[in-house]
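Here is a walk through one protein model, written for someone who likes to know the cut-offs behind each word. Have the viewer open while you read.

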Amino acid sequence: MLDDIIELPIWKHYKGLSNKQEFSLERLFETPYSLLDRYYETFPHYTLHNKQHLKNVLRIIGEILGDKVKELSELECLIIIISVGYHDIGMVFAKSELKNISQELSFIHFLDKNLKAKLEYEENGSELSENLAEWYCRWMHAKRVWNFINHFDQNKWKNISLRTSVGNICESHNESADFLNNKEKFPRNFLGEADLCFCAILLRLGDILDFDSTRTPISVYEFLDLDSPKNDAEEISKKEWNKHLSSNGFSIKHENNNTDLLFIAGPEHPQVEKNIHNFLDIIDNELYECAVLLESCSDKWRKIQLPKKINRGGIISTNYKKGDYRLSLDEKQIIHLLTGENLYSNNYIFIRELLQNAIDTSRMREYHQHSNGDLGFKISPVEINTWVDDKGFRWVRFDDFGMGLNEYIIQNHLLKKGNSFYKSDFFKLQKNHYKKTIKKDFTPISRFGIGLLSCFMLGDTIEINSRSIAIKQTNTVEQKIRLSINGLEGQYFMQIDSENHTPLPMPNINPENSFRNEFGTSIAVRISSKKDSLHFEKQLNEVLNEIVLCSPIDIYLSGKKVNIGFDILDEQIVDYSYIPFTPLQKKEIEKTIDFEINSDMGIEIIPIDLTSNCPNNNLKGQIAIIRLKCSYLEEHNLPVNTSYSFHFSKSAFRITFEKNTFTNGNKDTKVRSLSFFNELNTLIQTKNLNKFLSPQYNHSNYRNYLHLIHNGINIPNFSEISEHIKLRFVDGLFDYNSRINRGDWRQAIFYTGLIYLQDDLIPNLTVARNSIKGFNFSIYSNLVYGCRQLNEFRRNSSNPFDFFDYIYEHFPISEIKTDYLIINGYWNDEKIIPIYGHGFVSVNDIKLLLEKNSVELDYKYRSSGFVVTLFRALVELNFEVEFDVKDVNRPRFYIKSSKQINMTISSIDSYGPMLFVRFDGDDMLYCSDMVNINHWLPTWMYSNQKILIDNYETYFLSLYNYIKDKNIHSINSILNHFRKVLTHSAPPNLAISDLDYPH
């Protein structure tokens, strides 16, 4: 079994030594030699660590030593051979061991050392995934050698057990080179015969230099289908295998007292060559560190010539030109692009960027303190000050009392454009801690990592003084740091208290000569003399009042609080009231529209307290709606060609009635404007509604306006899709079928209010935050739920919950299932689902109806896209359903029985709800905008949705539209494409035809 091994130079030398002790080396070596061929059962995608690897390592060590092999003592030979045999034995894990990995103390240590692994473990519900188990086993395998060498005590050298010596050497091959500086573990004169440090160096070099195709048989590579990786782990493995497949390994030659290490490889792709060079860089570094270690070895080995650097002349590219050809960016131009007006609309936008960073870190500090038991902690306000120094330069400074900046954050996030800290594993681990301890989520405003750059739109110097908080979850320690940034292209100057630096003075009205004492960060920006003006302080105040609205963190400018307080979100703007028209006013209205109104008529004011109405505390707000109320018009519409609208100005509120008449084809308009509602005007002024409309108050399109706030920062209520106001109530919410000119800005209702969003209700904004790209499902869900009292006032009850216009978003079922209101059943009592014979009913109503019989859904009911999506989601998530298509002219959708909301649903998660349902047969693919999940095509799509979404999302999502449009040719073309690119999960060799559709 060991015929090839015992013929290698070291083993032959060992056998030839005359003073050889009785030691059963061959039997000892056979144990790992046979076991290591089983490691692939645990790690099928990893490069081979089998007996071939043992042969290679022992051979390479002999080649490194050359003629010096003969100088090895018998004990050194023995220890090297055994260490080579056992160094990877820890890769062998029994399946029973994998089950208990998460209970091992070393696993906790592994998570603390690898934050990315810790995050993956926590996000997986503290369940061990296959990927994490493999990662841990690779990390742990060198330490596990101790589990396999207990029997060494029965096989001794001169009555001395070699267990500890061999164990230390095997463990060391996966540690840093510094590990070998421990002379107690690696004595240079062990038993007077062996230098254990030198033996460990040889094992390290032999292991890392085993870099050739013998570790990656091409047949195994093809069997594992690594040429088409399906996940990140396989992608990494593919890179490793491609490096080895292209490699013929090292040629080691000893000439003129030097050791030449020539690497030979024939890569067929530049990316493979790049991967090879990256790995050779690691080997070069290992060679250097081993050379340094060699200086501390015994006199016998200190002068030996180990290879110092790899000769890469043997890397011959095949069929391509060598060179580092790749897409690159001109960093200078990109920086100027980001700080120019192409991204931001004005130079003062850096005020918003710094302010939102201050709000983020302040909120995070509160979460941090609360999660660590300090429940009464209240963050100090953000302070903003501006002054002119004794050299005539103007400064603006922001002081927060948040988490502070440490060296890691500064180097890896603050100074790296586009690499936001709030996307890092460090932050995600802290965020998970908050969820566990105080059951709260935290999502910051900052997401793009370019906020600091915006300071150079007006500034030329940035000065930072910070003290960071120690965080147990990420093993970070407290630090005090002083950072100076002189210009976009200047060198950054960093000073750290723990390194005994004397800090530069920190700019302030009275300059500071020490590191910051309080936790948090101070950022001072010097305004460029080219861009300074006498009106800077006035403009700063105007900018702050425009962008700050109801901040959860108090903000002060020069000691004065900025804008509206956060507590206003807990108070109704107005109380409910009804202001009737006087008989004279009513008579004038009737005269204007030539129509008699046989009931009272007046103005109704409806307050909506979103803060109280929304179970999710991440949405707060107050809205006031003003509408015309008239019981007679609820039964009799306004006559044709009449209309009414509301107007609101600084001086008065008025309602206008119009009647259009036609004379000889020309339109004449009779207009009667009523502007004498003094009670209403007084009420509006008292409640300060004007402030709700600022700063865009004077623009007519904003007179019906909902003000949106994200974490205290104002969001312009416009959509990127169009120039329409993004969030607005529908025109006909309370109308009486009046003929309103839809192109006119005037509305049949008047409304105003504040809506505050945070954390899981974060809106999707453009990078410059000057437009809304879209809202997630949960934002709409909370808004519609919070406004549900409006159903009591609506004249037309055929469209309940249809309150908002311009909702264009696509809501996949995977997103809907994460909504707090859906998960916790808040929607289950709301009458929103249309059922034949019963009108609109709730989820709980349907459960009662099902006790007697199945119910039929009015699936053709039409309302806004969101409301239809919502009621379909409630049906899909709560009930078992079936589509009866026996009569294609009258298909029926039946709700059969209830199910648990957390059950695996029969839909494809990336699509909207109830697009994929169960038909009463399996031969029909599509009918009435629904796809039959029983049909072979949707069944295949559902079974393979993860790989299809991860790798072929556009094809996958297009399939539904092609199915709906009966585009048979395109469907079959996509299926043929999938058969080419997929191997193990290709669709059945079937095609769609007319027979798959109803006739």
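A residue counts as buried when its relative accessible area is under 20%, as exposed when it is over 50%, and as partly exposed in between, with a 1.4 Å probe and protein chains only as cover. This is a predicted model, so local features need pLDDT of at least 70 and side-chain atom pairs count only at pLDDT 80 or more, while totals for chains, interfaces and linings use all residues. Residues are numbered from 1 along each chain as its sequence is written, and side-chain values use heavy atoms, with hydrogens and water left out.

**The whole chain**

Of the 999 residues in the protein, 54% are buried. The protein has 31 helices and 30 strands; these are DSSP runs numbered from the N terminus, H or I with at least four residues for helices and E with at least two for strands. A contact means heavy atoms within 4.5 Å. Among contacts between residues at least 6 apart in sequence, 68% join residues at least 24 apart. The exposed surface comes to about 45300 Å², with carbon and sulfur atoms supplying 47% of it; that area is from the Shrake-Rupley method with a 1.4 Å probe.

On confidence, pLDDT is the predictor's own score for each residue, from 0 to 100. Its mean over the protein is 83, and 85% of the residues reach 70 or more. Residues 215–226 stay under 50, and the model gives them 33 contacts beyond four places in sequence. Residues 740–746 are also below 50, with 15 contacts beyond near neighbours in sequence. Where pLDDT is low, the predicted coordinates should not be read in detail.

**Empty space**

Rolling a probe the size of a water molecule over the atoms shows where empty space is left. The search uses a 1 Å grid over the protein atoms alone: a cavity is a set of points where a 1.4 Å probe fits but cannot get out, a pocket is an open set with protein on both sides within 12 Å along at least five of seven lines, and lining residues have an atom within 4 Å of a point. Points are joined across faces, edges and corners, and a volume is the space filled by probe spheres set on them. Over the whole structure, this finds three cavities of 30 Å³ or more.

| Space | Volume |
|---|---|
| Largest cavity | about 740 Å³ |
| Second largest cavity | about 50 Å³ |
| Second largest pocket | about 810 Å³ |

For the lining classes, Ala, Val, Leu, Ile, Met, Phe, Trp, Tyr, Cys and Pro count as nonpolar, Asp, Glu, Lys and Arg as charged, and the others, Gly among them, as polar.

Which residues sit closest to the centre of the largest cavity? They are N357, L405, I409, L414 and Y422, out of 44 in the lining. Helix 16 gives the largest share of that lining, seven residues. By class, the lining has 23 nonpolar, 16 polar and five charged residues.

Helix 16 also turns up at the second largest cavity, where helix 16 and strand 19 (713–715) each supply at least two lining residues.

**A few local spots**

E463 is found in strand 6 (residues 459–468). Is E463 buried or exposed? E463 has a relative accessible area of 9%, so it counts as buried. Leaving aside neighbours within four places in sequence, its contacts include W395, R482, L483 and M506. The C-alpha atoms of E463 and L483 are separated by 6.0 Å, although the two are 20 residues apart along the chain.

Most residues other than glycine have a negative phi. K439 has a positive phi, near 55°, and lies in the loop between helix 18 and strand 6. N711 also has a positive phi, near 55°, and its place is in the loop between strand 18 (705–710) and strand 19. K439 is exposed, with a relative accessible area of 68%, whereas N711 is buried at 0%.
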